[in-house]
Amino acid sequence: MNRIPNHPILGEEKPGKEVQIFVDGRPIMASEGEMIAAALIANGIWINRYTAHKNKPRGIY
Amino acid sequence: MIETELAIVGAGPAGLSAAIEARRAGAEVLLIDENSRPGGQLFKQIHKFFGSRSHKAGTRGMNIGTELLRESKELGIQTWLNGEVCGIEEGHKLWVVRDRSRSEIVKAKKIILSTGATENAVPFPGWELPGVMGAGAAQTMINVNRVLPGKKVIMLGSGNVGVIVAYQLLQAGAEVVAILEAAPKLGGYGVHTAKVSRAGVPFYVSHTIKQAFGTDHVEAVEIVKLDDSFKKVPGTERTLEVDTVCLATGLTPLTELAWLAGCKFCYVPVLGGHLPIHDDKMHSTQPDIFIAGDISGIEEASTAMEEGKLAGINAACELGYIAPEEAEVRSREIWDSLNSLRSGYFGQKRRDSKVSILQKSEELISYFKAMII
């Protein structure tokens, strides 16, 4: 998990309602209402797509 | 078609400040933002701001954002979120796509463009790999979304964005392997730079990234020394193991709507490149179109808020809600504040550049006046 539950400035994050989402058929847990890119990173998914011509991985930027 | 007196594009620090001033004066305001939350970049700025107390120095950016939203709510400012302004047509008509699904035309008597800026990228082999991202993107992930985009980070660029985000990455629990600076001198404010340095992060001046390695994700970068003319020095390469590369290599004003509206531009590298020429009331060269914030030159949220106030007050004045004498007095007060924000080693350059833009604006006005005669 790549979440930051405790932060020296922002404090403790109150856990939101957990929801299950499916990424390429695989279930992962996300926090309700959060950005999808953040849910993917929280679950260690860095590749968002592969390019059409050279099949190279791409992530957030 | 919807009609309003004042349409403001962008609900960041500049747009919110403009909306608050104009609405408080009595103008009918419609504030439009493409994001689902207003506040622009303020909510990821968890550090304390600089300046004097009247500039809210010592207050964290996110708290300034909360305060602006509270004021705008109290004033009942009409706000469209998830609203992308895709065009400006003749007659001050804005084409807005709302909720990515339907078009709406907004006809406004006055328009303020406070669209902000976008991050610059620096290309090198491997720059497209997952794990290479703008420093601002990483900042959003850690401070707004509370997820860590990487564990071992290298920062390219030692300006304020670079050192502030590096420090915030440390606060979020990441390791910052190094901060690189292409110039021979560090670029950020001493206070921020010192904090990162005290935390043990090494700085490399006259260095850049030669390439990033990895198959599905960044695994390492090769850094290289630069000579006085910014050319790579062969034989000085070394490899650092990292999983994330953050690019803090400057910002560019988001000016598309100003181009579409026919505003005249000038090129000012110190302020981020091409930007609309504007006068001391934040008027562009197009009648009824004002600009404020990063679109008028890359600076800081504190200056953006002052410019927003200038635009809001002067737009409200032209709409007849503030007497010209009062607008003049209040504008002068804001200029005193802007001048003090633009002082010191870093501020003076921005102040000089702003003065040159105001001169251009005057030249242009006299040029067109001469044409008419």
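At what angle do the axes of helix α7 and helix α8 of chain B cross? In this predicted model, the answer is roughly 170°. Helix α7 covers residues 301-318 of chain B and helix α8 covers residues 324-341 of chain B, and their axes come within 10 Å. Angles over 145 degrees count as roughly antiparallel, so α7(B) is roughly antiparallel to α8(B).

The residues in this contact can be picked out one by one. From α7(B) come S302(B), T303(B), E306(B), K309(B), L310(B), I313(B), N314(B) and C317(B). From α8(B) come P324(B), A327(B), R330(B), S331(B), I334(B), S337(B), L338(B) and L341(B). Sorted by class, the contact of α7(B) with α8(B) has eight nonpolar, five polar and three charged residues.

Helix α7(B) also packs against helix α1 of chain B, residues 13-25. Here the angle is about 30° and the axes lie 7 Å apart. The crossing of α1(B) past α7(B) is right-handed. On the α1(B) side, the contact residues include P13(B), A14(B), G15(B), L16(B) and S17(B). Among those on the α7(B) side are A301(B), A304(B), M305(B), E307(B) and G308(B). By class, the contact of α1(B) with α7(B) has 15 nonpolar, four polar and three charged residues. K309(B) and I313(B) take part in this contact, and K309(B) and I313(B) also belong to the contact with α8(B).

Now move to another helix pair in chain B. Helix α3 (residues 135-143) and helix α4 (residues 160-171) of chain B pack at about 30°, with axes 10 Å apart. Angles under 35 degrees count as roughly parallel, so α3(B) is roughly parallel to α4(B). The crossing of α3(B) past α4(B) is left-handed. A135(B), G136(B), A138(B), Q139(B), I142(B) and N143(B) make the contact from α3(B). V161(B), G162(B), V165(B), Q168(B) and L169(B) make the contact from α4(B). The contact of α3(B) with α4(B) divides into six nonpolar, five polar and no charged residues.

Is α3(B) mostly covered or mostly uncovered? Helix α3(B) is mostly covered, with seven of its nine residues buried. The buried residues are A135(B), A138(B), Q139(B), T140(B), M141(B), I142(B) and N143(B). Their cover includes β8 (132-134), β9 (152-156), α4 and β15 (244-247) of chain B. It also includes α1 of chain A.

That last element leads to the other chain. 21 residues of chain A are in contact with 21 residues of chain B. On the chain A side, α1 (36-42) and β6 (57-58) each supply at least two residues. α1(A) gives the most, with three residues. By class, this side of chain A has 13 nonpolar, three polar and five charged residues.

Back in chain B, several of the covering strands belong to one sheet. This open sheet has five strands in the order β8-β15-β9-β10-β11 (chain B), and the pairing is parallel. β8 and β11 (203-205) of chain B are the edge strands, and each pairs on one side only. Neighbouring strands are turned by 20° against each other on average, direction ignored. β8(B) and β15(B) pair in the parallel sense over three bridges. M133(B) stands opposite C246(B) in β15(B). Helix α4(B) lies across β9, β10 (175-181) and β15 of chain B. It runs at about 170° to β10(B).

Chain B also has an open sheet of three strands, in the order β12-β13-β14, with antiparallel pairing. β12 (207-213) and β14 (238-241) of chain B each have a single partner strand, so one side of each is left without a neighbour in the sheet. The twist averages 30° from one strand to the next.

β12(B) is joined to strand β13 (residues 220-225) of chain B by six bridges, and the two strands run antiparallel. H207(B) stands opposite K225(B) in β13(B). A212(B) stands opposite V221(B) in β13(B). The hairpin of β12(B) and β13(B) has six residues between the strands. In this hairpin, G214(B) takes a positive phi near 150°.

Conventions: Residues numbered from 1 in each chain as written. Chains lettered and ligands numbered in written order. Predicted model: local features only at pLDDT ≥ 70, side-chain atom pairs only at ≥ 80, totals over all residues. Axes fitted to C-alpha atoms, helices over the stretch in contact; angles between N-to-C directions. Helix = DSSP H or I, 4+ residues; strand = E, 2+ residues; numbered from the N terminus. Parallel < 35°, antiparallel > 145°, perpendicular 65-115°, else oblique. Contact = placed C-beta atoms within 7 Å. Nonpolar A, V, L, I, M, F, W, Y, C, P; charged D, E, K, R; others polar. Left-handed = near helix turned anticlockwise from the far one by under 90°. Pairing = 2+ DSSP bridges. Buried ≥ 20, exposed ≤ 12 C-beta atoms within 10 Å, placed from the backbone.
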